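This briefing is meant to be read with the structure in view. Please follow it topic by topic, and look up each residue as it is named.

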Amino acid sequence: MALYFPSFVARRGTEDIPLIGLVSTKMQCLYVDRETANEAVQGVGAQVKARMQRADQRQRNSTSRTGGERPMLLFPEGTTTNGRYLLPFKKGAFLAGLPLQPVVLRYGEGSLPVYAPSEAEAADPVLYARNMRAYMVRTTALLWRNEAHGA
C-alpha cells in the first residue's frame, strides 16, 4: 500500500466488502455506523482529531513515512454538490486545529496552498471551518450556499 496515500472515514460495513474492505483496512480507515449517527458522530470526531494529532506528531518527529498513522483525507461538506456551491463545513476536520491542505475537486484545476490556522482558529473548530470555507470561496470563485445539503 502506498505510504503517502491517506486514510479516510467510511461507512461501517465497508471493511466487509471484498477487496475494498481489505484496502480500506490496510489504509487505516475509520468506520462510522450511520444508523446510530447521533452517538457515533461524536466518537468519530474524537477519533479523527486523535488520528490527525498522531500523524502530525509522527511527521514532526520523523523523517521516515514508514509505519505509524496515515494522514486523513476528509470531506468537510459531508456530501457532494453540482460543483457551483461550497456548502457549510462540518467541524470534524478542524477539531485538531492543525494546518490543512484544502483541495477543491474540479477537473483541470490544481490544489490550493496549505492553510495554517490562527491561534483563535486552532482553538475554535467552528471558526476554523468558517474561515477555511471563506478562503476556499475567495480563491476558487465558488458560490456560498448556506444549506447543509442539496444543490
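V103 is partly exposed because its relative accessibility is 44%, where buried means under 20% relative accessible area, exposed over 50%, and partly exposed in between (1.4 Å probe, protein chains only). The model is a predicted one, in which local features need pLDDT of at least 70 and side-chain atom pairs count only at pLDDT 80 or more, while totals for chains, interfaces and linings use all residues. Residues are numbered from 1 along each chain as its sequence is written, and side-chain values use heavy atoms, with hydrogens and water left out.

**Overall layout**
- The protein has 4 helices and 5 strands, which are DSSP runs numbered from the N terminus (helices H or I, at least four residues; strands E, at least two).
- Read from the N terminus on, these elements follow the order β-α-β-α-β-β-α-α-β.
- Of the 151 residues of the protein, 34% count as buried.

**Surface around V103**
- V103 sits in the loop between β4 (85-86) and α3 (119-123).
- Together with L73, F75 and L105, V103 forms a nonpolar patch on the surface, with about 420 Å² of accessible area, an area that comes from the Shrake-Rupley method with a 1.4 Å probe, only the protein chains shown counting as cover for residues.
- Such a patch is made of residues with over 30% relative accessible area and no salt bridge, nonpolar side chains (Val, Leu, Ile, Met, Phe, Trp, Tyr) being joined within 5 Å; a salt bridge is a side-chain nitrogen of Lys or Arg within 4 Å of a carboxyl oxygen of Asp or Glu.

- Leaving aside neighbours within four places in sequence, M136 is in contact (heavy atoms within 4.5 Å) with L86, F89, P102, V103, V104 and L112.

**Aromatic rings**
- F94 and Y128 form an edge-to-face pair, 5.0 Å centre to centre with 70° between the planes, where rings of Phe, Tyr and Trp (its six-membered ring) pair if their centres lie within 6.5 Å, and planes under 30 degrees apart count as stacked, over 60 as edge-to-face and the rest as tilted.
- F94 lies in the loop between β4 and α3 and Y128 in helix α4, so this pair ties together parts that are 34 residues apart in sequence.
- F89, F94, Y115, Y128 and Y135 form one aromatic cluster.

Conventions:
Patch = residues over 30% accessible without salt bridge, like charges linked within 9 Å, V, L, I, M, F, W, Y side chains within 5 Å.
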